[in-house]
Amino acid sequence: MHVRLNVLLDTRDHARHLQDDPVSFVHRFVDPLDAELVGLLSSSLAFGNVKAVRASIARVLLVLGEQPARTLASRSELELRASLSGFVHRIYRGADVARMLANAARLQRAHGSLGAFVERSFADHQSDLRRTMSALATELRGNAPSRGLQHLIPDPHAGSACKRLLLYFRWMVRPADGVDLGLWSLPASALVIPVDTHIHRIAQNLRLTDRQTASWRTAEEITNALKRFDASDPVKFDFALCHLGVSRDCPSHRDESRCASCTLQTVCRHWQSTAL
Ligand code: SF4
């Protein structure tokens, strides 16, 4: 399995997949303060159709300009809200995004950066990622969050997979490799894989989990299984595995034609009857 996963990492066309991935927006910004804000925005809106997601991120970035941290530092939540009037992405409204960004800017002012806040929380919570994420979510939501804001920034303790928040942490924490950026000083070994429908199905194909729901426990189970192959950086396989699903290359059933070129075929449950 380890060998096949590494072959997948080495052979997937990361540059092509990066173009459609929301993390590509983050790569446009050099200043870490801008990049962590755009990462928050891009990951939290990564919900739904790829084209719609990209259009929504681009719409907010028009408001934030070329220096999002500076723009946010100089605008009140009310002004942001007015700039995003009419913005809608799924169940999110401009007011939800304005509140999240205004709270993110407040954290940057108070702690120097979102990364500094996260690193301190991680230390304060005895290196517990879930509690660290929960502390960040609480700050980003603020008081009496709307239903949209609660969905935009989920509470990791509610049990859901928190895919978008975990995606954000992957981007910020994993070492820079052309996809992830390595801006925050947390150990990559502490990360939990963001589980969307693609990762869930492919993890089932590879017998990394047999859980039927994409919950936080499922994410932990898949991560623990991946730690057998790299305990220091188990989530490094996420981008390649996810895009195997996003690109529709994996049918998640035995398909002579589509599975023929899959590097995981020898370790896929659809092509074998015994456990690995
Ligand atoms: S062998 Fe086929 S079903 Fe299995 S992971 Fe590869 S593409 Fe998906």
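**Ground rules.** I am working with a predicted model, in which local features need pLDDT of at least 70 and side-chain atom pairs count only at pLDDT 80 or more, while totals for chains, interfaces and linings use all residues. Residues are numbered from 1 along each chain as its sequence is written, and side-chain values use heavy atoms, with hydrogens and water left out.

**Helix H8.** I looked up helix H8, residues 94–111, taking helices (H or I, at least four residues) and strands (E, at least two) as DSSP runs numbered from the N terminus. Its 18 residues should span 26 Å at 1.5 Å a residue, and the end C-alpha atoms are 26 Å apart, so the two agree; the expected span is 1.5 Å times one less than the number of residues. I then listed its buried residues, among them Val 97, Leu 101, Ala 104 and Gln 108, where buried means under 20% relative accessible area, exposed over 50% and partly exposed in between (1.4 Å probe, protein chains only). An α-helix has 3.6 residues a turn, so residues three or four places apart point the same way. After H8 comes Gly 112, with a positive phi near 95°.

**Ser 113.** Ser 113 is in the loop between H8 and helix H9 (114–124), and its 16% relative accessibility counts as buried. Leaving out residues up to four places away in sequence, I find that Ser 113 touches Leu 33, Glu 36, Leu 107 and Gln 108, a contact being heavy atoms within 4.5 Å.

With neighbours within four places in sequence set aside, Val 97 is in contact with Leu 41, Leu 45, Val 60, Leu 84, Phe 87 and Leu 152.

**Aromatic rings.** I found 4 aromatic pairs in the structure; rings of Phe, Tyr and Trp (its six-membered ring) pair if their centres lie within 6.5 Å, with planes under 30 degrees apart counted as stacked, over 60 as edge-to-face and the rest as tilted. The rings of Phe 47 and Tyr 92 have centres 5.9 Å apart and planes at 45°, so this pair is tilted. Phe 47 lies in the loop between helix H4 (32–44) and helix H5 (50–64) and Tyr 92 in strand S2 (residues 92–93), so the pair ties together parts 45 residues apart in sequence. Phe 47 is partly exposed at 25% relative accessible area, whereas Tyr 92, at 0%, counts as buried. Phe 169 and Trp 184 form an edge-to-face pair, 5.4 Å centre to centre with 85° between the planes.

**Charges over Phe 47.** The charged end of Arg 90 sits over the ring of Phe 47, 4.6 Å from its centre, and Arg 164 lies over the face of Phe 47 at 5.3 Å from the ring centre; for this, NZ of Lys or CZ of Arg must be within 6 Å of the ring centre and within 35 degrees of the ring normal.

**Thr 132.** Thr 132 lies in helix H10 (residues 129–141) and, at 0% relative accessibility, counts as buried. The side chain of Thr 132 reaches the backbone oxygen of Asp 128 at 2.8 Å.

Definitions and conventions. Polar contact = N/O pair within 3.5 Å; in protein donor to acceptor, adjacent residues only side chain to side chain.
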